[in-house]
Every structure is written in C-alpha cells, then in structure tokens.
Amino acid sequence: MTRFAWLQSRTQTLAFFAALAALAVAAAVTGVHLSHLYNDLVRHCEVRGNCQLGISAFTNHYNFLQGAFMLLLRLAPALIGIFWGGPLIARELEAGSYRLAWTQTVSRRRWVITKLAIVGGTAVVAAGLLTLTVTWWYRSLDSIDPNMYGVIDARDVAPIGYTFFAFMLGALLGAVIKRTLPAMAATLGVFVFVRIAVQQWVRPHLLSPLHKTMSILSVKDFGFISSNGAPVELTARGSSPPGPWELSSQLVTSSGHVATGAERAAFVQHYCPAVAAPPPFRGGPSHPVAAPPGIREAFDTCQQQAAKTFHVLVTYQPASRYWTFQWLELGIFLALGLVAAGLCFWWVTQRIR
Amino acid sequence: MTAAIETVEVSKGYGRRLALTDTTMTIPAGRVVGLVGPNGAGKTTLLHLAVGLLRPTSGTISVLGDTPGAGPETLARVGFLAQDSPVYPRLRVGDHLRAGTWLNPHWDGEFATRRVGELGLDTRQRAGTLSGGQRAQLALTMAVAKRPELLLLDEPVASLDPLARREFLQTLMEVVAGHGVSVVLSSHLIADLERVCDYLVVLIAGRVALSGDVDDIRASHHLLTGPQRDSLPAGQTIIEASHVGRQSTLLIRTTDPIFDPAWTVTPVTLDDIVLAYMKQARDAGVADATPGLAVAS
C-alpha cells in the first residue's frame, strides 16, 4: 500500500519539489548577495554609530522577493491543504475508484492510514524545506527587525504545523463532503477561520504577559482626544522594550485601576481648562487655526499634573519568548491536525458504509 | 457446500429510503449466477454489501462463510468489478498491474500480463484514455488476477457496445472455465446474461422475486393459450395473464405436467419469464410484492 500511495501522489510530489528546487536556487543566489549587502551597509555602520541610513538602504533591497517569499510561506499551508488534502479521499469517492481501492486485499484502515501518512508526511517535509529556505533567506533582514512577533507565522517551525493541520483538514473534509471542489473550498474556509481564531483569541492567552508601568513624562505619545463632541479626554500610549509583542497600553490611576473615560475627562476639565474648552474650529486644511497664546504652557502644566495622577501600564510578551510561541503554535496545529486525522480515519472506516 | 452469498433478513437504508428490505436469500457457490432486476432493485447495494463496501442496516450477510470486509483474508477471497469499471485515469495500464501486485498477496502477474497482451492494451497508455470496452477488460483482468474464489461483477456490460459486450463475456467464460471461480454478475437485462449464467436471481424492489437454476426455471414455466376460465388446477400459479375477448394467454409456473387439452402450450423464453415477474411485482405494488417465490431445484 505504501508503494501505491507513492505512485498515486508521484506527480504532485515531483512537481512540488521541482518548484521548491527552483525557489531554493533563487533564494541561495539572492540570499548570499543579501549577506554581502548586510556586511557592507549594516555591520560596518554599527562600528561607526548611526545606522538608520544603512539599515533603510539595506532593507530596500529585494523588495519584491521579500514580499513574494513572505506571501508564499503564508499561502503554502493553505495551498497544500486545498490541493493535496482536499482531493486525497474526495477524488476517490467522487470518481468511484474507492470501489477499486477498497476491494483489493488491503483493509480500509490500512488504506487510509497509509495515504494520510505518506502524503501527509510529504506535505510536512515540503513545508519544512520551504520554511527553512525562507527563514534562511530572511536571516539578516530579521536580525535588524524590531518586531519578530509580526512574522511569527511566516518563519521557523510554525508553518510546518499549519501545513500538517491544513492537509489533515482537507483529507477529513474530502471524506465527509465526498466531492473534490466543495471539499477544497471548505478546506480553505475552515483553515483560514482556524488560523485567524488562534491568532486573535488563543495566542494572546497562551502565556501570561508581562507588565511595565511607565511615567506619562517618559512616553512618546501624550495628548488629548475628543470624538463626536464628547468631552475632551487624556490619552497616553507607552512603548515596551524593543522587540516585544505589545498586547495593550492603558492609562491607570494611582490606585491601580484602569482610568475610565469619565475620570479622564474630569481630569482634563479640572486641571487643563484651556484644553477642555478649545476655541471653535473654523479652519480647514487651507486655513490653519493659530494656536491660542499660552497653550504650550498649559499643555506642559497639564502633563506634569497628569504624571502625578496617572501612569501608563504596558502589557506585553517579551521578545525572548519568541521561540516559546513558535513551539506553542507548532504544537497547537499539530494537535489539531492529529484530531482531524483521527476523525478522517473514523469517518472512512466507520461512516462510509 | 458454503453458499457464495447468504443473507438473513438484510435491510440496507440510505437515509429514509430502503434499498433492501428484509432480504433473505442464498446464492450458491460454484455457479455463474445472474442477478437480474430493474434499475433501483438493490442489485448494486447487495453486491456492495457482499464485498464489504457497505454494512447492512440490519440482518446478517455472509460471503463464502465469512463476514464481508472483515479483514484482508476475506477481501482476498472476493474479486469485485464495480459498475462502470472504475480505474485510475491518470495512472498507466502498467501502473494498475503493478498496483495489483503490491495490493494483493495472491496476485497472478503472469495471467494479468498475458491477458493485457492478448487484449492489445499498451501498458504505457493512461487508463483514462482507454475505450469503455478496454477499461472494462482492464478492470476485469484486475479482479481476476487477484485469484478470488468468488467474482462479483456489477453491471459489467451495461455501458459496452454489442461487440465489446460479447468480447467481455467471452473473456469471463474463459476465466470461469480456466480457474473454476464462482461468479455473480448483475444486469437489468436478462438478455445480457442468458448466454453465460446457469443460475438466476431476480431481485425486484429489494426482494427476491425468483431464484433458481436456469434450466429448472425454463422447465417450470409455460405459456398457455386458450379459452378464458376462472381457475387452474392446484400446483399451477399464474404469473401473468392477459385476455383478448374470450381468449386468455397465461404465463404459469408449475412443476406438474399440463394435461388440459384446451390449452395450447408453448415454450417461453427466459426474457419473458423475468419480464413477467417484474410486471407482476410492479402491479402488486412495491410494498406487498410476494417475497421468496423460490423455485425448487
């Protein structure tokens, strides 16, 4: 059965690995060039000091490939799920060849396990090689990227988990739906939903975040905001240490609770009357309103006073947890993939009768 | 001798619709059995149950004394040619034969290669480009090369042209003669099977309307023509009756000799017998069709 599973998936496997080989050659050539550019533009400047110009000159190289590799690695799991997983069983059921396959001297359980293992294994290896290629290509760009959490789904081991899950999901939906095209469409829909769900609702709660309290005097963004005629409120956003995943930045009172909108508005009314009642806005882009006299001083006084009343609480995941999150992401999707594989096995051996 | 297929009150439903309803039947081994019935009679369902693709909703079915599809040992004993002869269109003819070697412990590679050669099939050709007749022959070759004790064929000739039909049945008869395999083949046309089968099972609306040795069935059915009358002697059962004026034409079943001189007795073809049973079942309504009108053999 192993050899037959290979025979059936031969064409798609060879086509994929041919494309991957071409990609690897392109990545190797441009990746080596990128390393040289990094040495020339970034590493040497680190010795001299100011690097901003060098870094922006460096990161502007291969803009197209940067986008393409990122997109490819984000799409690949879904594509493998759709084109390898979806038809794996659905096509046999739709074309009727399951009647040939299941009446050879191979039990149905062995048939489904072998198919899932062989083609699923190939998918995992394919995803591994692809993410290895892209992660390697990006290594010097990533070394100066302040926000690695932003690309956590397109680097290192996470894409392997996505691919495993997408493939098993496709196989399961194909067995249940029994039609190739609807199964492929459903695979895309469910996979995208699960990815977004994990990213939005699961990942932020995996590890309890760290907190940092900052003075309003030291934050970058401090100001006032009023929307739709509501009273003017105070706003301040802190920034965490370099490279973290910032979950929230809140204004808290000295007693420790998050300042409500009313509290913030009341503060402005009381301590910053000049700001609370700004002159009516009569201008437009072509007629700038002149700042009323003394507003700068009023602003500073207000900020001084605000610093005594409020603090900024930043909630974040530190950069050092990047790999923990990578392994967690991999583990979650491997587990989901195993559940899908188990359901697929159960459905094929028990339900299609 | 163990029966090829034995069912006891087997029902199989798809959702609310019942394809087989409390079917009890015995299909003997060592014969070439024709399983005949109109479309939707449950022939495919019965064969799929027999090969383990389906499980009965209720009742029990045994094939060569085993529960179908219980394991590889059972699978090895039954060869199956599904309706429309499924093959893998993108695999070559040679790939199919190699797959047969990999997937079946008793695979007769020599037979398969010789057979494909005799059919003039190119092993490098993709199965998707074969004609309907060639595809059926390839699928039959695969089912036979598995060296089963029982060969089940679901509507094997329905989609073939007359020449391909004849060639297919010829191959089948050679195989039966050569390997002594039991065969059950289904069709909605008795004419397809008359030349090859020696046992007949007529399945109508999920129930067995008639089953028996073909020669016994032929010998026990008669077409009577004569003046209309109300009753027949005991032991004579009317299957189909038509009246024109005072003249009656009756198709009856009896194992007794017919003495009444008023009747003109003419022999009747198998085709007519089967059609009469189908008509009878239709007229009686699906729900109360008489089950198990087995002819003693």
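Across the interface of chain B and chain A, the rule turns up one salt bridge, a term for a side-chain nitrogen of Lys or Arg within 4 Å of a carboxyl oxygen of Asp or Glu. The model is a predicted one, in which local features need pLDDT of at least 70, side-chain atom pairs count only at pLDDT 80 or more, and totals for chains, interfaces and linings use all residues. Residues are numbered from 1 along each chain as its sequence is written, chains are lettered from A and ligands numbered from 1 in the order in which they are written, and side-chain values use heavy atoms, with hydrogens and water left out.

Back to that bridge. The partners are A:R10 and B:D95, whose side chains meet at 3.7 Å, N to O. Over all chains, a search of the whole structure finds 20 salt bridges. The pair that crosses between chains runs from A:R10 in helix α1 (residues 2-48) of chain A to B:D95 in helix α3 (residues 93-103) of chain B. Helices here are DSSP runs (H or I, at least four residues), as are strands (E, at least two), numbered from the N terminus.

As for the rest of the interface, 29 residues of chain B are in contact with 25 residues of chain A, contact meaning heavy atoms within 4.5 Å. The two chains bury about 2,600 Å² between them, 60% of it on carbon and sulfur atoms. Buried area is the accessible area (1.4 Å probe) that two parts lose on being put together, summed over both. On the chain B side, B:Y88, B:W102 and B:L103 lose the most area to chain A, and together they account for 30% of what that side buries.

Next come the helix pairs. Two packed helices are described by the angle between their axes and the distance between the axes. Axes are lines fitted to C-alpha atoms, for helices over the stretch in contact, and angles run from 0 to 180 degrees between N-to-C directions. Angles under 35 degrees count as roughly parallel, over 145 as roughly antiparallel, 65 to 115 as roughly perpendicular and the rest as oblique.

In chain A, helix α7 (residues 158-177) packs against helix α8 (residues 180-202) at about 140 degrees, with the axes 9 Å apart. That angle makes α7(A) oblique to α8(A). Among the residues that meet are A:Y162 and A:F165 in α7(A), and A:V190 and A:F191 in α8(A). By type, this contact splits into 12 nonpolar, three polar and one charged residue. Helix α7(A) also pairs with helix α12 (residues 322-351) of chain A, the axes coming within 8 Å and crossing at roughly 20 degrees. These two helices are therefore roughly parallel.

Over in chain B, the axes of helix α4 (residues 109-118) and helix α5 (residues 132-145) come within 9 Å and cross at roughly 160 degrees, so α4(B) and α5(B) are roughly antiparallel. Here B:F111, B:A112, B:R115 and B:V116 in α4(B) meet B:T141, B:V144 and B:A145 in α5(B).

How values were computed. Ala, Val, Leu, Ile, Met, Phe, Trp, Tyr, Cys and Pro count as nonpolar, Asp, Glu, Lys and Arg as charged, and the others, Gly among them, as polar.
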